[in-house]
Amino acid sequence: MGTQQDLYGNPVSSDAAALPYLNDFAEGFVACEMRVLRILDIAAQDPSPLVQTWCAALHLFAEDAQAARQARPFLQRARAQLAQAHEREAQWLAAVEAWADGDTPLAAQRLEALLQHYPRDLAALKLAHYHAFNLGDSPAMLRMALAAQAHCADIPYFHGMLAFAYEQCHLLGQAERAARQALQLRFKEPWAHHALAHVLLTQGRVDEGLAFMQSASSSWTGLNSFMQTHNWWHLALFLMEDARHDEALQLHDSQVWGVVPAYSQDQIGSISLLARLELEGVDVGPRWQQLSPYLLQRQHDHVLPFLDLQYLYGLARAGQWEAAQQLLVSMQGHADAQVQPRLRTAWQDVCLPAAQGLLAHAQGQYGQAAHQLGPLIARLVEVGGSHAQRDLFNQLYWSALRHSGQWTALQNLVQPWHNQQPQSKRLAAHMRRIYQGLGLPPSLAA
């Protein structure tokens, strides 16, 4: 096997016949497209390290309890062929092995080291972003993207990744410029659509965000289920800010839930949207019960604390109290078993007490929920998820304060958000209710 180059100029040692499949992975991964899966078609015939490593990565993206076990045969085959591998491919293997072992901080570290030598390895950048994001380390996302910027200016998908890194660091002007640069190069860049949706929502540009996402939605074809459902989820959030709850619920049913219902990200998209709708007084009918069979299978996953928190709340809202308690016990066992310091802190000091607060909210124990969640709000970044995703926990905390009559604390929290997002009919309605609870004129919310 001679060394070749992929579409971004990175060295690969696989046979020429494998190159189209490697290119489909390299570009399909950053484009969030289903063609990334084509590399599985050659896994049985091509034992080369990069093919096997990337097949292992695809299995790990299942984000379930079986993922690591299913990935290991591919990693073993890659390790057996390592003598024929390029150094870049050896670094890829080491990073994915760390991921399979559950040491995601080490995986992120190894990918960042790879990127120092191969800055146009956008698949490595995307995976490094995935791990840093799940660790709540948005500065690392930005650091890696900026280091690659001079080498990747021609690639639209790079600018989408840069935009999201900026946005997660609260650098919204830079994020919008990077997203729009991506869209100038290629309008069908769903990660750039996603990054711009974050910016517009954070800045309260509700009308603009709704119009933009609606205009972009016709291009959300051929995408993986996460990217497809997640961008529709973002569109539903704009509808909710505009108090168009019926339309948001319709989007849940038609676009957010049911694409790949067994997949983790589809499940948490549904949980998050249903919970937000309920917080606005919407009756979601039997949808929690329709979701619960999938959540009952998640009781021993513990892939990411951010996922477990939402599985727990979904089970509780479905009335699966015993299963929710069993999940909480299993989460405690997983937290106790953590040896990696960063992960142990996230699970023990943030995730577990937050889980108790979420369970208390679902049970209607609002005073306890407020007591549990309040001190954790500033630390929830440590469990992963984006600002927009973690806002669910803010909203549940606000709900707990309201139901327990803590109007003064609630006014102090919500009014600054309303100031920042004056177009939000959702926040305006909350502020009217808060001022009424305080014995002040609801007109102050105008």
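These notes walk through selected features of a predicted model.

1. **The largest pocket.** Start with the open space. The largest pocket has a volume of about 960 Å³. Its lining is made by 44 residues, and those closest to the centre are F61, N224, F226, Y263 and Q265. Several helices give two or more residues to this lining: helix 1, helix 2, helix 6 (122-134), helix 10, helix 12 (225-241), helix 14 (264-279) and helix 16 (305-317). Which of them gives the most? Helix 6 does, with five residues.

2. **The cavities.** The model holds two cavities of 30 Å³ or more. The largest cavity has a volume of about 110 Å³. It is lined by 13 residues. Nearest its centre are H230, Q265, I268, G269 and Q389. Helix 12, helix 14 and helix 16 each supply at least two lining residues. Helix 14 gives the most here, with five residues. Note Q265: this residue is among those closest to the centre of the largest pocket, and it is also among those nearest the centre of the largest cavity.

3. H194 sits in helix 10. Is H194 buried or exposed? H194 is buried, at a relative accessible area of 2%. Setting aside neighbours within four places in sequence, H194 is in contact with F164, M227, H230, N231 and H234. One of these, H230, also lies near the centre of the largest cavity, among the residues nearest to it. A further pairing is worth a look. H194 and L235 are 41 residues apart in sequence, yet their C-alpha atoms are 9.6 Å apart in space.

4. **Salt bridges across the sequence.** Side chains of opposite charge can pair when their charged atoms come close. The whole structure has 23 salt bridges. One of them joins R205 to E176, with the closest N and O atoms 2.9 Å apart. What does this pair tie together? R205 is in the loop between helix 10 (190-202) and helix 11 (206-216), and E176 is in helix 9 (residues 172-185), so the bridge links parts 29 residues apart in sequence. E176 is buried, with a relative accessible area of 15%.

5. R287 and D253 meet in a salt bridge of 2.6 Å, N to O. R287 belongs to helix 15 (residues 287-295) and D253 to helix 13 (residues 245-256), so this pair ties together parts 34 residues apart in sequence. R287 is buried, at 17% relative accessible area, whereas D253 is partly exposed, at 38%.

6. The side chains of D301 and R298 form a salt bridge, 2.7 Å from N to O. D301 counts as buried at 11% relative accessibility. R298 counts as buried too, at 4%.

7. N23 is in helix 1. How accessible is N23? Its relative accessibility is 19%, so it counts as buried, because the buried class is under 20%. Beyond its neighbours within four places in sequence, N23 is in contact with D6, L7 and G28. Now take the loop. M34 lies between helix 1 (19-31) and helix 2 (49-60). M34 is partly exposed, with a relative accessible area of 40%. Together with L37 and L40, M34 makes a nonpolar surface patch of about 230 Å². The loop between helix 1 and helix 2 also holds C32. C32 is buried, at 4% relative accessibility.

8. **Positive phi angles.** Two residues deserve a check of the backbone. C32 has a phi near 60°, a positive value in a residue other than glycine. H302 is not a glycine either, and its phi is positive at about 55°. Where is H302 found? H302 is in the loop between helix 15 and helix 16. H302 counts as buried, at 8% relative accessibility.

Technical notes:
Residues numbered from 1 in each chain as written. Predicted model: local features only at pLDDT ≥ 70, side-chain atom pairs only at ≥ 80, totals over all residues. Heavy atoms only, no water. Patch = residues over 30% accessible without salt bridge, like charges linked within 9 Å, V, L, I, M, F, W, Y side chains within 5 Å. Areas by Shrake-Rupley, 256 points an atom, 1.4 Å probe, with all protein chains shown as cover. Salt bridge = Lys/Arg side-chain N within 4 Å of Asp/Glu carboxyl O. Helix = DSSP H or I, 4+ residues; strand = E, 2+ residues; numbered from the N terminus. Buried < 20%, exposed > 50% of the residue type's maximum accessible area, 1.4 Å probe, protein only. Contact = heavy atoms within 4.5 Å. 1 Å grid on protein atoms, 1.4 Å probe; cavity = no way out; pocket = protein on both sides within 12 Å on 5 of 7 lines; lining within 4 Å. Points joined across faces, edges and corners; volume = space filled by probe spheres on them.
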